[in-house]
Amino acid sequence: MKFSSEMAYKSADEMMFGTAKKPVKTKRGLVFGGGHVIPEIVPHPRPGSEKTMKSLLREYERANGDALERCVIVGHPQLLIENEHIFQMTHNPKWGGEIAAQTAKQMDDYLQKYGLKAAYRATPADLRKPDMVDMRDSDYTREVIESFAECAKYADVVSIESMGGKEIFDHAIIRNDIAGLLFGQAVLGGIDMEWMWNQIVAIAKKYNCIAGGDTNCAEANTAMFMAGGFLSKDVPHTLAALSRAICASRTIVAYECGATGPTKDCAYEDPIIKSVTGVPISCEGKTSACAHADLCGNVIAAVTDVWSNEAVEYHDMFGGTTTAVFTEILGYDVAAMNASIDLGYQKEFQACLVNSDKYRGCHGFMLSPDNAWQIGKALVDNNESLYSRGKAAAMKCGELMLGDPKLKLSVFEKESLEGYMKDMKALPDKEADFIDMCLKKYAKVKGFQPKAYGL
Amino acid sequence: MKYLTDYSNIFTRYDLNIEVARQAARKVSKDELLQKVADSVVRGDDEESAKLTKEALQKKSPMDVINEGLIPGMNEVSRLWDEGVYFLPQVILASDAMNAGIALCEEAMGKAMDKKGKVVTHTAEGDIHDIGQVIVNALLNANGFEVINLGADVPVDKVVEACRVNNPVMVTGTALMTTTMTAFPKIASQLKRLGLNIPFVCGGGAVSEEYVTSFELGIWGKEANQAPGMAEDALSGDNWQAMRGKWNG
């Protein structure tokens, strides 16, 4: 695997929602990053429907079908449906495959009957919890890989939320330990992703499926949600932002292994990824309030190519079922973005999105296109190792947060950030030295198995 | 790109409005050395806590070091957290520091210190998202409870068996996914059948109050930091109905 060594975009100014340097086309004619934004709906089954394959198939038939139907009812021209596997769908790989086959058939029917262009993304669950199984050699590992093969036969896109380094991350995030984040997210996460993604890309190629992308949901999103909104006292927002910058070093590995996007929607690091790779990205913000709260509801859409809702459980609402309702909302969101593109107002629209949240909090600030690009640049300029580029991305992120007086930080947040910067400066320069240090420091962390990462 | 100079019509930074003034930890021990032990806990410095505990054990009994240094230090940390001065990582680091000292005291005593009571914790079968449980464990431990940690992806039968064997004051369940939280009513049902009316606190991710209060024994835990208070209630003899009445609804 070759580390990225140059930026796909010469400047942040070049980056715009709807257009990617490397667009991706599906078999039913959707083009991600081809000039317009595409909505992505993520239905989640109700508790109890997971009991049998039959009941789960029926649940997804209705949930995915309602989304397709609502597109036709209100005139949305395109839709990407993602099914993030629940445990049972990956634990029984045939289940995930059957659901993919069923949804593909529904999409073919809608294309034939109405001309609706839709695509299906299957996201097997990464069942491998690092402190419980050998990441490379366990029944769960085999089920995940088998699940990709079952789904890739029918899905347009496959993705995953991989778990590498989670055992170290969980230990570190609640201990203010920036070295642990660098080791867990950038180093272990990156190593595991290379191992996993070479296999995913090969499976996708075999079945003529698109290898979408990965997300650091298990770690950077955990940090972001623990940091929470304006009332939380769990994790400093500055630490969550550094965690996000660090994770770009591992998430980008998917694309360095041959994944093409559309990236995974809950990877809030995707604006950084797009600046470096040019792949089409999927993002979520205000329309994912059904799943969680964040402080970057609009700014995260500024350079996105696909606009998602994260996940919504299938239920009735006054306006129809949740999947129908959220498909309608997502579709109207992208209709406004696409209208701005066709009117030539996209720069103005983008400025409104950015001004909404750039200074609302640390995440909105660092993921604003200008700062995301600078963090991406730090990453490629320091690409000697997973560690060096992760640390450089975090240092740049910290410098940006400390350097812009419009980003208001509480005394605690500022002092915490200055402490992390000091800690990072004191870390070894070379990855080998850093790994040696971490193998000793984290030897007693519950379930940490260096050999599962080839260390 | 054009930027606003005034964002007051766009968002309000409530966190800055409610920022709590810095305050120092209070003195908690009359003995100078034990105060240093407590201070090391307040700072979350496990190496210093171990060093000072060893020093204190030369002159004091292990129980004095625990009761007049380590635990008062941890109580001070809890106060600072309750008042919004400390963040969670500072509490976890303080807990690590207290535990480092307690381990040395227990070694000196030749037995484990008495805990307030047992709490069985687990993350639901099929669910590996256990950071909420990790925090619950640390907070319960810091507040003097013995945690029977069953870990993540735990089958229903294993949780029930752990409750039968340990007879805890409380059991907790964590789940991120709605499709894994369906294990909770099964656990509650089996506990009832065995006559084990143990308050069963369930929380995490998509776990809702409506769901947890739909089955007997269930009490919804909104935040991990409620766990010590709930365990205190269970320890004091509150049954699940009383706890549900206090914490839910």
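Author: A crossing is right-handed if the near helix is turned clockwise from the far one by less than a right angle, and left-handed if anticlockwise. Keep that in mind. The model is predicted.

Start with the domains of chain B. Domain 1 spans 21–109, and domain 2 spans 118–247. Their centres, taken over C-alpha atoms, are 28 Å apart. Seven residues of domain 1 of chain B contact four residues of domain 2 of chain B. On the domain 1 side, H5(B) gives the largest share, six residues. By class, that side has five nonpolar, two polar and no charged residues.

H5(B) also packs against H4(B). Helix H4 of chain B covers residues 62–82, and helix H5 of chain B covers residues 88–109. Their axes come within 10 Å and cross at roughly 170°. H4(B) and H5(B) are therefore roughly antiparallel, since angles over 145 degrees count as such. Among the residues in this contact are B:Leu70, B:Met74 and B:Trp81 from H4(B), and B:Val91, B:Met98 and B:Cys105 from H5(B). The contact has 14 nonpolar, four polar and no charged residues.

Helix H6 (residues 131–142) and helix H10 (residues 227–235) of chain B have axes that come within 9 Å and cross at roughly 55°. That angle makes H6(B) oblique to H10(B). H6(B) passes H10(B) in a right-handed crossing. Here B:Val136, B:Leu139 and B:Leu140 of H6(B) meet B:Ala227, B:Pro228 and B:Ala231 of H10(B). By class, this contact has six nonpolar, no polar and no charged residues.

Note on methods: Residues numbered from 1 in each chain as written. Chains lettered and ligands numbered in written order. Predicted model: local features only at pLDDT ≥ 70, side-chain atom pairs only at ≥ 80, totals over all residues. Axes fitted to C-alpha atoms, helices over the stretch in contact; angles between N-to-C directions. Helix = DSSP H or I, 4+ residues; strand = E, 2+ residues; numbered from the N terminus. Parallel < 35°, antiparallel > 145°, perpendicular 65-115°, else oblique. Contact = placed C-beta atoms within 7 Å. Nonpolar A, V, L, I, M, F, W, Y, C, P; charged D, E, K, R; others polar. Domains from an automatic or database assignment.
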